Amino acid sequence: MKILFVSEYYIPHIGGVELVLKNVAERLVKLGHNVSIVTSKLPNTLEYEEINGVKVYRVNVPQKGNRYWFTFFSVFKVWKLAKGVDLIHTTTWNAAFPAWVVAKLRRKRCVITVHEVNVPTWKYLEKNKLNVLFHKLYEKMVFLLPFDKYMAVSQYTRDCLINFFDIQDKKIEVIYNGIDYGLFDPAKANGLKIRKKVTLEDFFVYMTFGRPGFTKGVEYLIQAVPLISEKIPKSKLLLILADDPKERYEMILRMIKHLRVEDKIILLDPVPRKELPNYIAAVDCIVVPSLSEGFGFTAAEACAMGKPVVATDVASLQEVVSGRYVLVEPRNSEAIAEGVEKVYKGEVEVWISTYLQFDYKGVWSKHPVLRYLNKIFPK
């Protein structure tokens, strides 16, 4: 079977969407399918290469705002590669339109994995009304396109599709993203090595990691640092942060300088994924200050490592968080500081989610892509 994925980003770009796409595509290859992907060309990447059996075609797009240009620049490549495929699979956001248009013109089935619905978070961007209006319209356009199947990564995402866009429940499959428990295994991690490397042996260390997108709420954690330092004098924030989007990253740097907390924060570039479990094992607490999450890899991976988590009480995080955790109000630095202090004092909830009862291979074997393919092409 020939399957074409369309996504504005793919590895080596950093993000949860890219990770999900990589795992699904490579799993399909192992099952004997012919898998290709059309994505945007990033600096120092090839226009074509094969990665673990997945044929990767990269489209040249302007580097500034490339995810938006991908909507238009990818159409011809998708059209060419879609001729002989059995199914087109896309994701939110900017790849959805070219994938759907080509699928309809080529008369191919097209499914979309919905990683997040942003309707509940637009209120946080009211200062830039024109920007908000544009993104609201684009989001509405994407979900007005009648895809053959919608794959929601959480019950929260499913509910958003139904409540905000009137998508029929029978067209939605809910499958949580898989976590590689072979990688995120606390028994295999070496946190002491990391604590020595960044000289944190005697500190209470709390950490967040990922991209500084507006829904991630990193600025509220930064604002909480002075408050946490008052409550826990010998504490530091380990901040592993990608520099995309650039303007948000630079805003975080300015905030750190303005609050004069440079000595309370260790800022690192993203680490290789195989090293991430060691960093999680090295800290005392993971903080997830998000305004919204369609799933929440940071929380899920921290829970898999058995680490206490301070997470905002929003969106899918209530489904994903497990083990020792504290839920706090979003956009509230004082609440985040109080949550970290509770972890420091051992005042945490304990709960095991149904999500974490799935094993890694079980999650991926039940992924909607595979289940939908079995429905269309039964053995």
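In the predicted model, 8 strands form an open sheet of mixed pairing, arranged in the order S3-S4-S2-S1-S5-S6-S7-S8. Strand S3 (48-51) and strand S8 (172-174) are the edge strands, each pairing on one side only. On average, neighbouring strands of this sheet are turned by 20° against each other, direction ignored. Helix H2 (residues 66-73) lies across strand S1 (2-6), strand S2 (34-40) and strand S4 (54-59), and runs at about 120° to S2. Helix H6 (residues 155-165) packs on the sheet, where it touches S6, strand S7 (149-152) and S8; the direction of H6 makes about 160° with that of S8.

Within the sheet, strand S5 (residues 87-91) and S6 run parallel and are joined by 5 bridges. Ile88 stands opposite Cys110 in S6, and Thr113 in S6 is the bridge partner of Thr91. Strand S6 (residues 109-114) is mostly covered, with 5 of its 6 residues buried.

Ile88 also belongs to the largest nonpolar core, which has 88 residues; Leu4, Phe5, Ile88, Phe143, Leu161, Met207 and Ile286 have the most contacts inside this core. Apart from neighbours within four places in sequence, Ile88 is in contact with Leu4, Val6, Ala82, Ala99, Val102, Ala103, Lys108, Arg109, Cys110 and Val111. A second, separate core comprises 31 residues, among them Phe204, Leu241, Cys285 and Val326. In soluble globular proteins, nonpolar side chains tend to be buried together.

Helix H11 (residues 297-304) is mostly covered, and 8 of its 8 residues are buried. The buried residues of H11 are Phe297, Thr298, Ala299, Ala300, Glu301, Ala302, Cys303 and Ala304. Their cover includes helix H1 (16-30), helix H10 (276-282) and helix H12 (317-320), together with strand S9 (204-210), strand S12 (285-288) and strand S13 (309-312). Just after H11, Gly306 adopts a positive phi of about 75°.

A helix pair was also examined. Helix H8 (residues 218-231) packs with helix H9 (residues 246-259) at an angle of about 10°, and their axes lie 10 Å apart. H8 and H9 are therefore roughly parallel to each other. In this contact, Val218, Glu219, Ile222 and Gln223 of H8 meet Arg248, Met251, Ile252, Met255, Ile256 and Leu259 of H9. By class, the contact has 7 nonpolar, 1 polar and 2 charged residues.

How values were computed: Residues numbered from 1 in each chain as written. Predicted model: local features only at pLDDT ≥ 70, side-chain atom pairs only at ≥ 80, totals over all residues. Heavy atoms only, no water. Core = buried A, V, L, I, M, F, W, Y, C linked by side-chain atoms within 4.5 Å. Buried < 20%, exposed > 50% of the residue type's maximum accessible area, 1.4 Å probe, protein only. Contact = heavy atoms within 4.5 Å. Axes fitted to C-alpha atoms, helices over the stretch in contact; angles between N-to-C directions. Helix = DSSP H or I, 4+ residues; strand = E, 2+ residues; numbered from the N terminus. Parallel < 35°, antiparallel > 145°, perpendicular 65-115°, else oblique. Nonpolar A, V, L, I, M, F, W, Y, C, P; charged D, E, K, R; others polar. Pairing = 2+ DSSP bridges.
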